Amino acid sequence: MRVLVTGGAGYIGSVAVELLVARGDTVVVLDNLWRGHAAAVLSGVALLNVDLRDAPGTREAVRSARPDAVMHFAAATIVPESVTDPAAYFGINTVGTHNLLVAMRDAAVKRFVFSSTAAVYGEPASIPIREDAATQPINPYGRSKLIVEQMLAWHAAAYGLTYVAFRYFNVAGATVTHGEHHTPETHVIPVALLTLLGRRDRFRVFGTDYPTRDGTAIRDYVHVVDLVEAHLLALDALDRLDDSPGAFNLGSRDGFSVKEIVAGVERVTGRTLPIEYAPRRAGDPPALIADSARARDVLSWTPKHSTLSEMIGSAWEWLQRHPNGYRH
Ligand SMILES: NC(=O)c1ccc[n+]([C@@H]2O[C@H](COP(=O)([O-])OP(=O)(O)OC[C@H]3O[C@@H](n4cnc5c(N)ncnc54)[C@H](O)[C@@H]3O)[C@@H](O)[C@H]2O)c1
């Protein structure tokens with residue numbers, strides 16, 4: 001299959017390119033390198049440096065790539081930034097995806113796998129969260145992705161698009177060759193590891209008085225390889241299924257508290273993390289845990305690498321081999 005991977009120079013997209021090529025698919029990457037890295041794109045894979053907000057450029061990229069399917073990872077992804085600059089988030093995530101979908105319709109590309117987010121749920125009424133829970137985003141990032149999910153349903157009905165929207169919770173870990181290099185880095189595990197490398201003074205734990213087992217916030221983490229495996233299963237399912245299967249949570253259901261992450265980081269690395277305890281941040285719920293039964297049942301998705309040891313261990317190994325990330 002020929003697959004166009006948007007955001008293929010970013011963290012998750014670069015791993016998707018790696019696993020697609022490994023199973024024999026032909027891949028073309030579309031990325032404007034705003035927050036991605038040309039060096040993250042597997043050598044031999046074509047990189048189209050295109051901004052999704054450029055509708056004619058996007059149309060030409062899809063036309064020239066002639067894909068059988070599109071995996072759409074490209075996005076702006078930082079929640080607080082979306083609150084201070086909502087126009088950027090609706091511009092990249094919503095309008096950019098609209099341009100992509102129009103280009104796909106015009107080029108008769110029918111298969112689409114979309115990176116959505118747990119942020120579409122807002123503050124959930126109950127845990128674990130199922131896909132049929134209310135979607136009430138509390139920030140522009142979540143809203144910008146939910147609008148796309150809603151657009152997808154109408155594209156499916158009107159133009160025969162088949163799609164899967166994956167709602168990710170937290171993604172972690174690395175392969176031997178591809179890891180997490182965000183600027184700025186806001187994710188818990190890489191921030192902790194960068195602190196061990198002396199890039200940050202302290203690891204800050206926000207909130208120790210949550211109604212959780214140890215007072216710190218609990219989040220659901222999936223290894224990036226398990227997450228991408230779900231996308232490969234989805235590509236195959238789109239061929240099999242007549243109707244679009246819609247939205248799926250991708251989580252592990254267990255969840256780890258911030259203190260458990262700290263303990264895991266110290267155990268895996270054998271080093272002590274300098275910690276500072278800080279008050280809760282506004283808008284951070286006590287626990288966000290996914291019910292991913294639907295992905296397991298419909299797609300036969302079985303995460304194999306999402307233990308704390310493997311997620312932290314693979315990220316630590318990658319960081320030690322690439323102390324400056326993809327920067328030389
Ligand atoms: N990493 C996580 O834990 C997580 C959690 C939930 C959802 N997601 C979603 O997964 C996807 C990938 O996340 P990531 O962590 O790999 O992000 P990332 O920032 O590493 O990668 C995003 C890529 O998109 C590219 N991009 C951004 N705007 C673009 C534009 N206008 N035109 C073309 N390319 C553009 C960037 O240059 C970058 O390479 C995103 O859609 C994100 O919302 C990620």
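**Strands, a helix and the ligand**

Reply: Strand S6 (residues 162–168) and S11 pair in the parallel sense over five bridges. Strands are DSSP runs of E with at least two residues, helices are runs of H or I with at least four, and both are numbered from the N terminus; two strands pair if DSSP finds at least two bridges between them. This is a predicted model, where local features need pLDDT of at least 70 and side-chain atom pairs count only at pLDDT 80 or more, while totals for chains, interfaces and linings use all residues. Residues are numbered from 1 along each chain as its sequence is written, and side-chain values use heavy atoms, with hydrogens and water left out.

Me: What stands opposite Val164?
Reply: That's Gly246 in S11.

Me: And why is S11 largely enclosed?
Reply: Five of the five residues of S11 (residues 246–250) are buried, so the rest of the structure largely encloses that strand. Buried means under 20% relative accessible area, with a 1.4 Å probe and protein chains only.

Me: OK, switching to H6. How many of its residues are buried?
Reply: Eight of the nine in helix H6 (residues 188–196), so that helix is largely enclosed too. Among the buried ones are Ile189, Pro190 and Leu196.

Me: What do they pack against?
Reply: Strands S7 (170–172), S8 (203–206) and S10 (221–223), plus helices H8 (258–269) and H10 (308–321). Contact here means heavy atoms within 4.5 Å. Just after H6, Gly198 takes a positive phi of about 85°.

Me: Where are the polar contacts (N or O pairs within 3.5 Å)?
Reply: A backbone N or O atom of Tyr11 sits 2.9 Å from a ligand oxygen, and one of Val171 is 3.2 Å from a ligand oxygen. Asp51 uses a side-chain N or O atom, 2.9 Å from a ligand nitrogen.

Me: Back to Lys145. Which helix is that in, and how far away is the nearest side chain of opposite charge?
Reply: Lys145 is in H5 (residues 140–159). Lys145 is buried with no salt bridge, and Glu149, the nearest side chain of opposite charge, is 8.8 Å away. A salt bridge needs a side-chain nitrogen of Lys or Arg within 4 Å of a carboxyl oxygen of Asp or Glu. Lys and Arg count as positive, Asp and Glu as negative, and His and the chain ends aren't counted.

Methods
Buried < 20%, exposed > 50% of the residue type's maximum accessible area, 1.4 Å probe, protein only. Polar contact = N/O pair within 3.5 Å; in protein donor to acceptor, adjacent residues only side chain to side chain.
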